[in-house]
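Let's take a walk through this structure together. Have the sequence and the 3D view open, and we'll go from one spot to the next.

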Amino acid sequence: MFEKIIHKILFFKKDSSMNSKWKNYYSITGNRKPRETLKFAIKQFETETFLAEPYDAIDLGCGSGRDTIELLLNQWRVTAIDSEITAIEGLMQRTDIPAKASIRTICSRFEETLFPSPVHLVNSSFALPLVPPNKFPALWENILSSLITGGRIACQLYGERDSWFGNPRMTFFSHSEIMALLKSLNVELFREEEEDSKTPRGYYKHWHIFHIVAQKF
Ligand SMILES: C[S@@+](CC[C@H](N)C(=O)[O-])C[C@H]1O[C@@H](n2cnc3c(N)ncnc32)[C@H](O)[C@@H]1O
């Protein structure tokens, strides 16, 4: 408990210097493998034939591109959105962007952005929780309306037992709230994870994560 409180204080303090905070995160995680939720979603599209290629995706909170690159390598056309200019610059400087890649970037807060539409996939790895609770419902609606019928959302959301619970700039869900959120979708992957481990920047925390891939029908 004491460790949790200390961690929260450190987190709120660090959060005030957003730019350097994310810069470190990008240099530590940028070249890591794509997220499992994204890989699963891409595979789901490969097993279907009713949606025509080329596929369009939005990568919300793209960071320096660990998922964006995977989409591009799979010939997806990608709109990568992030509020941090360092993320967008880092992504566009990557040398592993394929030669004929179709990539567009938008540097903006996603809750203030009108998404391109219709798209086949909205991918948002570890970014949607970073929105204040009063902005989340409209953001979720914006995501769902940007999806084509048969399109998918791949994302992580945080649960109430996460160490960061209580941060007013973030959104957390109980199990039943998540179920209500996903009610109108065909849930293809749902994994609830709880573990104590370090953040990419080296802070210990309790993670309570919902990993989700769901299809609009
Ligand atoms: C934890 S990182 C995840 C990056 C990448 N998706 C990944 O899986 O490694 C969260 C990213 O979301 C971006 N972000 C956070 N809140 C945002 C918002 N409201 N609008 C746009 N981008 C946001 C941050 O700048 C950061 O690049």
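**Starting at Arg161**

At 43% relative accessibility, Arg161 counts as partly exposed (buried means under 20% relative accessible area, exposed over 50%, and partly exposed is in between, using a 1.4 Å probe and protein chains only). Before going further, a word on the source: this is a predicted model, where local features need pLDDT of at least 70 and side-chain atom pairs count only at pLDDT 80 or more, while totals for chains, interfaces and linings use all residues. Residues are numbered from 1 along each chain as its sequence is written, and side-chain values use heavy atoms, leaving out hydrogens and water.

So what does Arg161 pair with? Glu194 forms a salt bridge with Arg161, with the closest N and O atoms 2.6 Å apart (a salt bridge is a side-chain nitrogen of Lys or Arg within 4 Å of a carboxyl oxygen of Asp or Glu). Glu194 sits in strand 7 (residues 185-198) and Arg161 in the loop between strand 5 (147-159) and strand 6 (172-173), so the pair ties together parts that are 33 residues apart in sequence. Helices here are DSSP runs of H or I with at least four residues, strands are runs of E with at least two, and both are numbered from the N terminus.

In general, side chains of opposite charge can pair when their charged atoms come close. The structure holds 10 salt bridges. One of them joins Arg94 and Asp96, with 2.8 Å between the closest N and O atoms; Arg94 is buried at 14%, whereas Asp96 is partly exposed at 32%. Another links Arg109 with Glu111, again with the closest N and O atoms 2.8 Å apart. There, Arg109 is partly exposed at 34% and Glu111 is buried at 18%. Glu48, Arg152 and Glu188 are linked in a network of salt bridges.

Now step back to the whole chain. It has 7 helices and 8 strands. Its radius of gyration is 17 Å, close to the 17 Å that the globule rule gives for 217 residues, so the chain is as compact as a globular protein of that length (the radius is taken over C-alpha atoms, and the rule is 2.2 Å times the number of residues to the power 0.38). Of the 217 residues, 53% count as buried.

Val78 is one of the buried residues, at 3% relative accessibility, and it is found in strand 2 (residues 77-82). Leaving aside neighbours within four places in sequence, Val78 is in contact with several residues, including Ala57, Leu71 and Ile103 (contact means heavy atoms within 4.5 Å).

Finally, a few backbone details. Most residues other than glycine have a negative phi, and most peptide bonds are trans. Yet the peptide bond from Glu53 to Pro54 is cis, with omega near 0°, and Pro54 lies in the loop between helix 3 (36-46) and strand 1 (56-60). A cis peptide bond also joins Ser117 and Pro118. As for phi, Gln75 has a positive value near 65°, and Gln75 is exposed at 60%. Phe126 has a positive phi too, near 55°, but Phe126 is buried, with a relative accessible area of 18%.
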